[in-house]
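Biologist: I would like to learn how to read a model like this one. Could you walk me through it?

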There are 2 protein chains.
Amino acid sequence: MATPFRFELHATDGQARLSTYHTPHGAIPMPAFAPVGTLANVKTLEPRDLHELGVSILLANTYHLYLRPGHVRVQRLGGLHAFMAWDGPILTDSGGYQVFSLAHRRHLDDDGVTFRSHIDGSVHRFTPEHVMAVQEALGADIAMVLDECPEPLDRAYNERALARTHRWAERCKAAHSRTDQALFGIVQGGIFPDLRLESVAFLAQLDFHGYAVGGLAVGETKEQMYATLDVTCPALPPDRPRYLMGVGTPEDILEAVHRGIDLFDCVLPTRIARNGAALTPTGRIHLRNAAFAEDPRPIQEDCACYTCRTFSRAYLRHLVKAREITGLRLLTIHNVHFMVHLMQEIRAAIAQGRFADFRAGFLERYTIPDQAVRHEQRRRRLQSLSSR
Amino acid sequence: MATPFRFELHATDGQARLSTYHTPHGAIPMPAFAPVGTLANVKTLEPRDLHELGVSILLANTYHLYLRPGHVRVQRLGGLHAFMAWDGPILTDSGGYQVFSLAHRRHLDDDGVTFRSHIDGSVHRFTPEHVMAVQEALGADIAMVLDECPEPLDRAYNERALARTHRWAERCKAAHSRTDQALFGIVQGGIFPDLRLESVAFLAQLDFHGYAVGGLAVGETKEQMYATLDVTCPALPPDRPRYLMGVGTPEDILEAVHRGIDLFDCVLPTRIARNGAALTPTGRIHLRNAAFAEDPRPIQEDCACYTCRTFSRAYLRHLVKAREITGLRLLTIHNVHFMVHLMQEIRAAIAQGRFADFRAGFLERYTIPDQAVRHEQRRRRLQSLSSR
């Protein structure tokens, strides 16, 4: 192959896969977690932090970068890698999800979507061809097709949207021209097994570099998400990377790896850090909690991250309570380390054929936040974003 | 001497002094600049950053730490050094200046000052003895006496205040008991030469470890400040460190070193960074400026800091415009580096007997922001703080 992209499958353990995905900016050991750098920056962190933390791939958001500073400007400054001084692999999403969740006054038609910027209300239009041009200008290692992300439980909506998503996938594939950029297709179909299988079959014949499972973790229950992966993953081409978009929590990642997913991205570790929460093997802890006011222990006793090697919960609580930026950064460092370390443990477990035990052991210790609480938090966040 | 504090004067060049001040947490090469870590944290930075930047001493604010998280809590957590994980020298101010500039509804009497917290309105009282106890609990290497900081141009007010400041200095000296903590006296007297000389004479006989010049850079002109240093510095004991509190800008530091000052602290490099401004050898630049939108150059071409080694003005402008925390941090790194590097250059120039040339050359290239603009900025900031 002339392509610089190569997927190596090293081992399987049940459905779980140990693999490496080779890109122009380096190899990604998978299963992998991509922290989110929405505006060409993982909030509070620098490239040297990401390297120190062992991050192997970042996600950047096309919608945000298109609006600010603009993809043409990024291109003139040498592309995303040069612009943000990150020399490792980058993936850009298509911007479609943000158009549906953030932008104002969307109007969707078969050719594309017209929307108003959430920043200044200016009018913009994304078509499959335009989104490919934007992502080629940004120059990430992996680009995504434009898709429509419907309410996962609405059958009729999903049927209509899927036809459009498939036509857009064809047009993206035809429009994409950079050979140093991989293009991944996105499987849609809500929670409906027949639609998911139809989507897999359609996209597989388009021969994408990799396949994402989209439209999950957007309102359905965990059980519905896992069931959808149970149907979708076995049908995906085994020789291509599989990416579950926007996921996730530690528990969701374990369940998805168990079902054959290789790649994840999520704002969770960075966003909850900025809310004062830290991930630990027994669940999340909230540093604002008065119980930590004089707690001399680190966030996590056996953690090797800079934050845990250096600072007490008492000091971190003080910083968070006093709204010191450094507190947000130190929690972000810990949370990204936690996710990267989790993926390392997952890979070691698959390599040694003990993934089922690892998953069971982790989930036994880890307290999952109540789903109702999480849905309410998500609803409030979307509300506050859309009212900006 | 049983004291762990020792002032070594290595060389003079005119009035400028090259020296080292030894403390229990290390030696401070002087002239030195102390970044401000108000709440036991230099905003956006970590101890490892401060070490990498070559910072030799920090200032922390007694008023803020007394209110939050509380000096007793800091003491129970091992003192400021352990609490914030900084193993270098620390200086705490007395809290007096913040009581006068931040706190609400102050009532001053000869015994002390009663005030309301700017955070929650709760009532507190500082006396010389109490402020000594608070600073001993915090456990910095250098503590400061409680003083009154009057309007520098008001003769009658300065006369009254000076008498009280001197009685408080005596009481602080009598109350201070930690032998691993130095205590510095503070010279007051506004812009009035006779009062300044009276203050020096009174404090010198109390035999403090070092002497600060207080009550400057608080509203008088630069010319009045320099003239006050011209009178005050030659009268100070030559074998003790001299500290100009709350100063300052690069130009003020050069003028003050020229007049014999050894130590400085100021929020300037960290505060202006969080407003999107960077220090350069030709003056401040404001990264929000549209002129930088596609500027591929670093903030400062010959700068060795991480920010300048890694990022373009265009990227930094993007981060600042998008309100990304990382942008504030990267500018803080550059600005602190700029100040530390300036002090290194000052020390080298004194050592080589060319400080006058260095000062003249620096000031010729460096554009000083208009005084009227700066006074207006300062007025607005104090107004916004006091109306919180």
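Biologist: How many residues does the contact take from chain A and from chain B?

Modeller: This is a predicted model, where local features need pLDDT of at least 70 and side-chain atom pairs count only at pLDDT 80 or more, while totals for chains, interfaces and linings use all residues. Residues are numbered from 1 along each chain as its sequence is written, and chains are lettered from A and ligands numbered from 1 in the order in which they are written. Two residues are in contact if their C-beta atoms, placed from the backbone, lie within 7 Å. Here chain A gives 29 residues and chain B gives 29 residues.

Biologist: Which helix gives the most to the side of chain A that touches chain B?

Modeller: Helices (H or I, at least four residues) and strands (E, at least two) are DSSP runs, numbered from the N terminus. On this side, H13(A) gives the most, with four residues.

Biologist: Which strands stand at the edges of the sheet in chain A?

Modeller: Two strands pair if DSSP finds at least two bridges between them. The open sheet runs E7-E8-E9 in chain A, paired antiparallel. Strands E7 (104-109) and E9 (123-126) of chain A are at the edges with a single partner strand each, so one side of each has no neighbour in the sheet. E8 (residues 112-116) of chain A joins E9(A) over four bridges, and Arg116(A) stands opposite Val123(A).

Biologist: Where is Asn289(B) found?

Modeller: Asn289(B) sits in the loop between strand E16 (283-286) and helix H12 (306-310) of chain B.
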